[in-house]
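Subject: Structure handover

Dear colleague,

I am passing on the structure we spoke about, and I would be grateful if you could look it over alongside the notes below.

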Amino acid sequence: MSAVGIIANPASGKDIRRLVAQASVFDNNEKVNIIRRILRALDALGVRQVFIMPDTSGLGLRALDGLRLSLEVRLIEMPVYGDARDSATAARILAERGVACIITLGGDGTNRAAARGCGDVPLIPVSTGTNNVFSVMVEGTVAGLAAAVIATGLVPADAVSYRTKRLELYIDGELADVALVDIATSRDLFVGSRALWDPGRLREVVLAQARPGTVGLAAVGGCLATLSPRNAHGLYLRLGAGGRQVLAPVAPGLVVPVGILEHRLIEAGEDVRLDPGNCTIALDGEREVEVGLHQTVVARLTTAGPRVVDIEAALAEATRRGAFDLAQKPLNSPAGG
């Protein structure tokens, strides 16, 4: 039976960057509408079953209210904590149930949590957060169609997905956490409001991606190099006054000079020992870990990130196979389809 998972984070798109920059608020009503559009697209192409992560705002239940569908939709049975544990747990359960792919609604942090549990199940990351690099701005209907052509077997997932990079954070030799886009050391001693927006508070940054067309730390790196998700390299930056300066969009509407004292490419598998002192470590744009003066901190770039669906490639291949042409039977059409 074809099945798709949906993980929607009700907290994404609401952090402090709405106050310190010009980030837009991505409210939960719009997330509900996106889920509804995804479900309609999945239904139109014959997906039989969808599992949705429960959450504290009831996004899944609200999306189903009054919606007539042929497919079966269930909420995952799991404890709900209202934090990143929910996305990680939901992804693990979805992987165990053998879904063909997982659509995530959230920012890079949501996908970082989902990546902890999804295993080899490919993600379709729909951006509903801030400063997103890993997740992409895509219409929910289109994301649903891409998931559907994979789930129904019209397009092989392996042919239209790719393995991304990830950054592993080691503290005193032990794996502490992972990031999909960036690891940064902040001069702030406490996690506080989590979100980063002031590059003057940062010391060192390790990037899995450096892209001029983004916002945030990946955009700072993008002023020096372009490293796509499929490029095997990463980028190390040491920030500070007195060095080279670049003009970068560090948050929505916030384009500021950033001082670069040192930068260099790093290889997949390479360890970068950071020299943070007392600080906090930010993962994918949010402060997460507090470290002490005498602790050792290492960031390692690997190619062990989650698989991601290339949405345009999936739909192009589906078109080539006749998936949307009602006048012909699609190639690899399911039996009886």
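Residues are numbered from 1 along each chain as its sequence is written, and side-chain values use heavy atoms, with hydrogens and water left out.

On confidence, the chain has a mean pLDDT of 89, and 89% of its residues reach 70 or more, where pLDDT is the predictor's confidence in each residue, from 0 to 100. Over residues 14-22 the pLDDT stays under 50, and for this stretch the model has 31 contacts beyond four places in sequence, a contact being heavy atoms within 4.5 Å. Where pLDDT is low, the predicted coordinates should not be read in detail.

Helices (H or I, at least four residues) and strands (E, at least two) are DSSP runs, numbered from the N terminus. Helix H2 (residues 28-44) has 17 residues and spans 24 Å from its first C-alpha to its last, close to the 24 Å expected at 1.5 Å a residue, the expected span being 1.5 Å times one less than the number of residues. The buried residues of H2 include Ile 34, Ile 35, Ile 38 and Leu 42, where buried means under 20% relative accessible area, exposed over 50% and partly exposed in between, with a 1.4 Å probe and protein chains only. Among the elements that cover the buried residues of H2 are strand S1 (3-8), strand S4 (101-106) and helix H6 (140-151).

Turning to the sheets, two strands pair if DSSP finds at least two bridges between them. An open sheet of 4 strands has the order S8-S7-S16-S13, with antiparallel pairing. Its edge strands are strand S8 (174-179) and strand S13 (271-274), each of which pairs on one side only, and the twist averages 25° from one strand to the next; the axes behind such angles are lines fitted to C-alpha atoms, for helices over the stretch in contact, and angles run from 0 to 180 degrees between N-to-C directions.

Within this sheet, strand S7 (residues 166-171) and strand S16 (residues 297-302) are joined by 6 bridges, with Leu 167 paired to Leu 301 and Glu 168 opposite Arg 300. On another pairing of S16, 4 bridges join it to S13, and there Arg 273 stands opposite Val 298. S16 is mostly covered, as 5 of its 6 residues are buried. S7 and S8 share 5 bridges, Ile 171 stands opposite Glu 174, and in their hairpin, which has 2 residues between the strands, Asp 172 takes a positive phi near 55°.

The other open sheet has 6 antiparallel strands in the order S12-S11-S10-S9-S14-S15. Strand S12 (254-266) and strand S15 (286-291) each have a single partner strand, so one side of each is left without a neighbour in the sheet. Neighbouring strands of this sheet are turned by 40° against each other on average, direction ignored. Strand S10 (residues 202-207) is joined to strand S11 (residues 234-251) by 4 bridges, and Leu 207 has Leu 235 as its bridge partner.

As for the cysteines, the count of disulfides comes to 0, a disulfide being a pair of cysteine sulfur atoms within 2.5 Å. Cys 101 is buried at a relative accessible area of 0%, and Cys 118 is buried at 1%.

With best regards

Key. This is a predicted model: local features need pLDDT of at least 70, side-chain atom pairs count only at pLDDT 80 or more; totals for chains, interfaces and linings use all residues.
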